[in-house]
Amino acid sequence: MDKRSEFSSKIGFVLAAAGSAVGLGNIWRFPYLAAKYGGGLFLVIYLIFVLTLGFTIMTAELAIGRKAQLSPMGAYRALDKRFSFVGVIASLVAFLILPYYSVIGGWVIKYFLVFVSGGGVATTGADYFSSYIAKPIEPIIWQAIFVLATTFVVIRGVKDGIEKASKILMPILIVLSVFLSIYSIMQPGAMAGVWYFLYPDLANFSFQAVLAAMGQMFYSLSLAMGIMVTYGSYLSKKDDLETSVKQIELFDAGIAILAGFMIIPAVFAFSGGDPTALNKGPGLMFVTLPKVFETMGFGNVMGGVFFLLVLFAALTSSISLMEAVVATVCDQFKWERKKGVLIVTVLAILIGIPSSLGQGVWSEVLIFGFNFLDFFDFITNSVLMPVGAFFTCILVGHVLETKIITDEVKLSSPFKREKLFIIMVKYIAPLCIVAILISSILEAMGVIKY
Ligand code: PHE
């Protein structure tokens with residue numbers, strides 16, 4: 001068999017993994033949660049989770065991948081046959097997310113083009129967004145283009161495709177984020193928003209805030225999607241795994257915080273300091289923010305810059321998704337990379353179509369009360385990911401000798417936080433994950449609301 005591809009440098013690997021982590025979640029969910037759940041206090045709790053729970057699961061996944069030198073299905077099987085299903089779940093998660101993530105990626109391309117062509121004001125019309133996504137054809141075309149942009153990178157391979165693209169896109173993403181944050185803070189009336197974002201407000205703090213922070217951390221670090229196992233399998237045995245994890249986390253949290261500075265002050269300035277104007281998800285990104293941009297000086301430019309930034313964030317995430325799927329099918333069926341990429345591309349486009357149509361012509365077609373897009377989102381994020389992560393902890397903490405994994409980390413450097421890792425992976429992480437599973441199912445069922 002060919003030698004397995006490898007990232008050419010640690011920084012290339014860190015940027016690619018950070019590219020996966022930094023995505024829509026950082027931009028359309030983190031600022032909302034932070035503002036809602038006690039500002040600075042939420043930030044502190046979030047960071048504690050990143051440095052403990054996030055650190056543990058990410059280290060475990062990267063080490064599993066690097067040890068086995070295989071994508072998720074093969075890697076879990078190689079460690080323990082009975083745990084093959086965890087690899088199957090992880091690969092399935094990536095396979096199911098890629099199509100609908102691309103539908104949203106397509107919306108981002110559309111908005112970017114509308115703003116750079118100077119027509120941003122059109123997007124502020126009352127039903128612009130809902131009637132756009134309900135169209136039968138156009139959103140599917142942009143979705144396909146988004147998938148093809150991902151294909152363009154992934155088909156070139158780990159070093160010449162993913163690593164190179166990450167080295168270009170991620171630095172630009174930082175510069176754009178810093179620029180927009182500064183511009184947003186400088187708007188008249190914005191300081192109230194900065195204060196709201198950072199002030200640790202005990203009154204808005206609750207047990208739900210802790211759960212929300214935990215769930216957000218999980219999604220934001222791209223855990224339990226087979227991605228870190230796959231990227232770990234391309235990591236050289238020489239590269240320091242523990243510092244890599246730290247750097248990826250720093251990157252992800254840094255962009256989330258910058259997104260807070262970018263969005264909260266601007267919305268506050270726009271709404272005259274009304275915190276309820278700040279919503280999350282598509283409503284924030286495609287409905288509220290366009291209105292905010294239009295009231296700013298250089299609104300079309302700022303909107304264009306914003307959607308470009310979001311596009312880069314989404315692209316580097318979808319690249320990691322596609323790679324996780326391609327690596328799996330290529331390892332599994334012994335396909336060449338090209339063949340794997342092309343087949344996955346066609347499937348991603350086709351499977352994305354119902355998610356797009358579900359916003360309009362097929363909106364009556366519901367699965368357990370969800371439209372297609374929300375159903376795929378629910379089944380992956382709220383069910384499969386926590387289940388996969390739970391069994392990863394059981395495998396590493398209780399079935400295998402944990403030493404097998406910690407020794408893998410120590411191949412490249414001393415493992416400074418080894419004790420923390422062992423306690424977390426054996427006892428605390430499984431409990432936290434069960435809490436995430438229960439709360440995310442309750443949230444999806446509408447019993448609790450974040
Ligand atoms: N970590 C990404 C985010 O915060 C989420 C993601 C990554 C989703 C990769 C899918 C695939 O948006």
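The lining of the largest pocket is made up of 22 nonpolar, 11 polar and 6 charged residues (Ala, Val, Leu, Ile, Met, Phe, Trp, Tyr, Cys and Pro count as nonpolar, Asp, Glu, Lys and Arg as charged, and the others, Gly among them, as polar). This is a predicted model in which local features need pLDDT of at least 70 and side-chain atom pairs count only at pLDDT 80 or more, while totals for chains, interfaces and linings use all residues. Residues are numbered from 1 along each chain as its sequence is written, and side-chain values use heavy atoms, with hydrogens and water left out.

Start with the largest pocket, whose volume is about 1100 Å³. (On a 1 Å grid over the protein atoms alone, a pocket is an open set of points with protein on both sides within 12 Å along at least five of seven lines; a cavity is a set where a 1.4 Å probe fits but cannot get out; lining residues have an atom within 4 Å of a point.) Select Arg29, Lys280, Asp377, Asn381 and Glu443, the closest to the pocket's centre of its 39 lining residues.

Next, colour α17 (372-399), which gives the largest share of this lining, 8 residues. Helices that each supply at least two lining residues also include α6 (84-116), α14 (281-295) and α19 (418-444).

Now move to the cavities; there are 3 of 30 Å³ or more. The largest cavity has a volume of about 130 Å³. Select Ser20, Tyr101, Tyr219, Met225 and Ser317, which of its 16 lining residues are the closest to its centre. Its lining has 8 nonpolar, 8 polar and no charged residues.

Terms used. Grid points are joined across faces, edges and corners, and a volume is the space filled by probe spheres set on the points. Helices (H or I, at least four residues) and strands (E, at least two) are DSSP runs, numbered from the N terminus.
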